[in-house]
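Welcome, and thanks for taking a look at this one with us. Please have the sequence and the 3D view open as you read the short report below.

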Amino acid sequence: MAEANMKYADTYIPQLKAAAAEYLRQYTELKNTESDHRATIAKHAQEIKNAKETHKQCTKDLNRLKTDKKNYETCANNLTSYTKKVNTCKAENEKAKTLHQTLSNASTKLNHKISTLKASAQNWKKLAEEYKPR
């Protein structure tokens with residue numbers, strides 16, 4: 001019986017280690033993707049901030065230049081384009097936040113699986129040591 005357990009442990013431990021290595025690779029990949037998405041979120045947040053500042057400045061210019069029709073039309077066009085850009089950035093930012101949350105949840109689950117597999121491998125190692133012929 002002990003010999004059968006040892007053989008089973010000898011085959012099961014490498015499988016657990018391989019699974020743990022695969023989960024670690026997936027975890028690393030998710031972390032890299034998460035990092036990329038954090039950068040994207042930061043970029044969109046900066047673009048929104050810049051667009052809002054430009055929008056604010058353009059609004060001031062509109063109030064100042066109402067008598068100059070050409071400048072008024074230019075600013076009105078810019079205001080429309082910046083408003084569209086703000087809306088686009090907001091939508092992309094929401095998508096990135098949702099994806100970030102999904103990646104974060106997946107990362108947590110993979111961490112848990114890795115921990116479980118490592119603990120299981122450790123238990124099998126202990127069993128193998130216990131039943132090792134002396």
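Is R25 buried, exposed or partly exposed? R25 counts as partly exposed, because its relative accessibility is 42%, which falls between the 20% and 50% cut-offs. Please keep in mind that this is a predicted model.

## Salt bridges around R25

Let's begin with the partners of R25. One of them is E22: the two residues form a salt bridge whose closest N and O atoms are 2.6 Å apart. Both R25 and E22 sit in helix α1, which covers residues 2-64. They are 3 residues apart there, about one turn of the helix. E22 is partly exposed, with 33% relative accessible area.

R25 also pairs with E29 in a salt bridge, and here the closest N and O atoms are 2.8 Å apart. E29 and R25 are about one helical turn from each other, because they are 4 residues apart in helix α1. With a relative accessible area of 47%, E29 is partly exposed. Taken together, E22, R25 and E29 are linked in a network of salt bridges.

## A further pair in helix α1

Now follow helix α1 along to R38 and E34, which both lie in this helix. These two residues form a salt bridge, with 3.1 Å between the closest N and O atoms. Their spacing is 4 residues, about one turn of the helix.

Why does E34 count as buried? The relative accessible area of E34 is 5%, and the label applies because buried means under 20%. The structure holds 4 salt bridges, among them the R38 pair with E34 and the R25 pairs with E22 and E29.

Where is E130 placed? E130 belongs to helix α2, which spans residues 69-130. E130 is exposed, because its relative accessible area of 53% is over the 50% cut-off.

E130 and A2 are 128 residues apart along the chain, and their C-alpha atoms are separated by 8.9 Å.

Note on methods. Residues numbered from 1 in each chain as written. Predicted model: local features only at pLDDT ≥ 70, side-chain atom pairs only at ≥ 80, totals over all residues. Heavy atoms only, no water. Salt bridge = Lys/Arg side-chain N within 4 Å of Asp/Glu carboxyl O. Helix = DSSP H or I, 4+ residues; strand = E, 2+ residues; numbered from the N terminus. Buried < 20%, exposed > 50% of the residue type's maximum accessible area, 1.4 Å probe, protein only.
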